[in-house]
Every structure is written in structure tokens, then in C-alpha cells.
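Hi,

Here is the structure I promised to pass on to you.

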Amino acid sequence: MAELEVDNLSLRFGGLQALEAVDLEVQTGEIFGLLGPNGAGKTTLFNLISGVTPASSGEVLWRGGAIQGLDPNRIARLGIARTFQNLRLFQSLSCRDNVLVGLHRQDRLPWPDALLGTPRARRHHRQLLERAQELLELLEIGHLGDQQAAGLSYGDRRRLEMARALGTAPQLLLLDEPAAGMNPAEKEELRHLIRNLRERFALTVLIIEHHVPLLMRLCDRLAVLDFGVRIALGTPEAVRRDPKVIAAYLGSAGTQP
């Protein structure tokens, strides 16, 4: 059984068909990429999976159970975390406190301990601080723990958002354009980082990215959307050679992506 299944999923906004009968399956431990031109429906699909937007029809199944219609907090507690194309950090908080937000969602203390400040509560807080620092170190921004998120570079903010998502202890990590704004060297570092995170945390990864060469080198399989319709599915090599993909990106007379 696939870990994540999208079955005949559609979304309409009035007269606009944002997604139309999209099907795909993501296997446990897979790095699965979503490609497509601007407006193809990639982030819309993420929003449906993560509960941000309700679907018009179809199903989203997580480990065999339907999750469409659940609110984002419930879906996060089931083990699905995401980052956003438009960063959603707590700008006035430090990097460490941003990660603590994710950790507290996953590891909550009984309210009497939290209210009374018991030794158990103090010990729990120290452990969370250590865990937050570990995640910052893993994302190579450990030296920025005390800095406000608002003062980070764009690339470091992307890394911080990933660290916060990992703080929720997900089994499925949805990454929405994590390489946006990065130079070629940073994109290559990101590729290695995502693979390392998969191995370290036994993650399944679903990733949206406009940079085609990055996904071709990173992903086990890819799906391609165009105007809300899935036009290709398969290995990077098969997708690269698909005439529909070539036409969607470059026109029928173009070269391969």
C-alpha cells in the first residue's frame, strides 16, 4: 500500500478548474517530485493534501485512511509537515524559538506541570532547547539560534522553515520550492541535505521545485502537472523524454528540460 494516495482529486474556484482528476501514489521512503509551469496546480495540490484548502471532489489517503476535510493541525499530528512557497516564519522570534514552536506541537507537556513549573517541566524545556539546537545544527544554521528570523538571509530562512517542520517529527515532509532564491552551489547543497534528511529521519519527501535539473538529480519519481492535469508520471529519465512534458515547458519545437 502506498503511504500517500491522491485519488481523482479536483478543485474548482467558481468557473476555474485548478485541479482536474489528479491521481498519484507516493511510496514509503520515496523522494517524489512535482513539476510543472507556473499555474500548473502544484501548490494547490499541496494545499489539498495538508488541509489548507478543501477539495471539490476526490480523496487524499494517508496510510490507507482518508484525510480530506481534516484541519491542518490534525493532519500535522498524523505525521505530515510542510513548508510554504511564501515563507511563514514567526519573524519576531529567534530561530531557536521558531523551531520550539514545531517541537511543542509534537511533544506536549501535561498542563499541570507546565502551569506549576515543576522540575519535570524544567527538564522537559531543557530537552526541547537541546533538540531545537540539534535541528538548527543539522540544517547548518546552528550559529543563528539567537537571531531573529526577520534578519536571516532568504536561503537561511528556507532552512529554518525546514528545521521547524522537522520539529513536528513528520513521516511525510512536503517541501514547496525549497531552492527558490538559491544559487547553483546552494541548490547542490540542498540536494545532499534532503537526501541526508530522508535517511536520518526515515522520511518520505514530496517536493515542488521549478529548477528542473535539481529534481531530475534528486527524485526517485516525478509527476508533471499542466493546467491542473497530470500529464506525466515516472522516473526522471522517463519524464525527461515525455513529449507532453517537453511541449508543456518549451513548446513542441523546444529542446528537452
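**What I found**

W62 stands opposite G65 in strand 5. Before I go on, please keep in mind that this is a predicted model. The pair belongs to strand 4 (residues 57–62) and strand 5, which run antiparallel and are joined by two bridges.

These strands are part of an open, antiparallel sheet of four, in the order 2-1-4-5. Strand 2 (16–26) and strand 5 (65–66) are at its edges with a single partner strand each, so one side of each has no neighbour in the sheet. Helix 1 packs on this sheet, where it touches strand 1 (4–13), strand 2 and strand 4, and its direction makes about 115° with that of strand 1.

There is also an open sheet of six strands with mixed pairing, in the order 6-7-8-3-9-10. Its edge strands are strand 6 (80–82) and strand 10 (229–234), each pairing on one side only. On average, neighbouring strands in this sheet are turned by 15° against each other, direction ignored. Helix 1 (residues 42–49) packs here too, touching strand 3 (31–35), strand 6, strand 7, strand 8 (204–208) and strand 9 (221–226). The direction of helix 1 makes about 145° with that of strand 8.

The buried residues are K42, T44, L45, F46, N47, L48 and I49. Just after helix 1, G51 takes a positive phi of about 85°.

Strand 8 is worth a look as well. Five of its five residues are buried, so strand 8 is largely enclosed by the rest of the structure. T204, L206 and I208 point one way from the strand, while V205 and I207 point the other way. Strand 8 pairs with strand 3 in the parallel sense over four bridges, and I207 is the bridge partner of G33. Strand 7 and strand 8 also run parallel, joined by five bridges, and here I208 is the bridge partner of D176.

At the edge of the six-stranded sheet, strand 6 runs parallel to strand 7 (residues 172–176), with three bridges between them. A81 stands opposite L173 in strand 7. Helix 6 (residues 154–166) lies across both strands, running at about 160° to strand 7.

Next comes T83, in the loop between strand 6 and helix 3 (95–106). Is T83 buried or exposed? Its relative accessibility is 2%, so T83 counts as buried. A polar atom of the T83 side chain lies 3.1 Å from the backbone nitrogen of D176. Leaving out residues up to four places away in sequence, T83 touches E161, M162, A165, L174, L175 and D176.

Finally, helix 6 packs with helix 7 (residues 184–201) at an angle of about 10°, their axes 13 Å apart. That angle makes helix 6 roughly parallel to helix 7. R159, M162 and L166 in helix 6 meet E189, L190, L193, I194, L197 and F201 in helix 7. The residues of this contact divide into seven nonpolar, no polar and two charged.

Best wishes

Key. Residues numbered from 1 in each chain as written. Predicted model: local features only at pLDDT ≥ 70, side-chain atom pairs only at ≥ 80, totals over all residues. Heavy atoms only, no water. Pairing = 2+ DSSP bridges. Axes fitted to C-alpha atoms, helices over the stretch in contact; angles between N-to-C directions. Contact = heavy atoms within 4.5 Å. Parallel < 35°, antiparallel > 145°, perpendicular 65-115°, else oblique. Nonpolar A, V, L, I, M, F, W, Y, C, P; charged D, E, K, R; others polar. Buried < 20%, exposed > 50% of the residue type's maximum accessible area, 1.4 Å probe, protein only. Polar contact = N/O pair within 3.5 Å; in protein donor to acceptor, adjacent residues only side chain to side chain.
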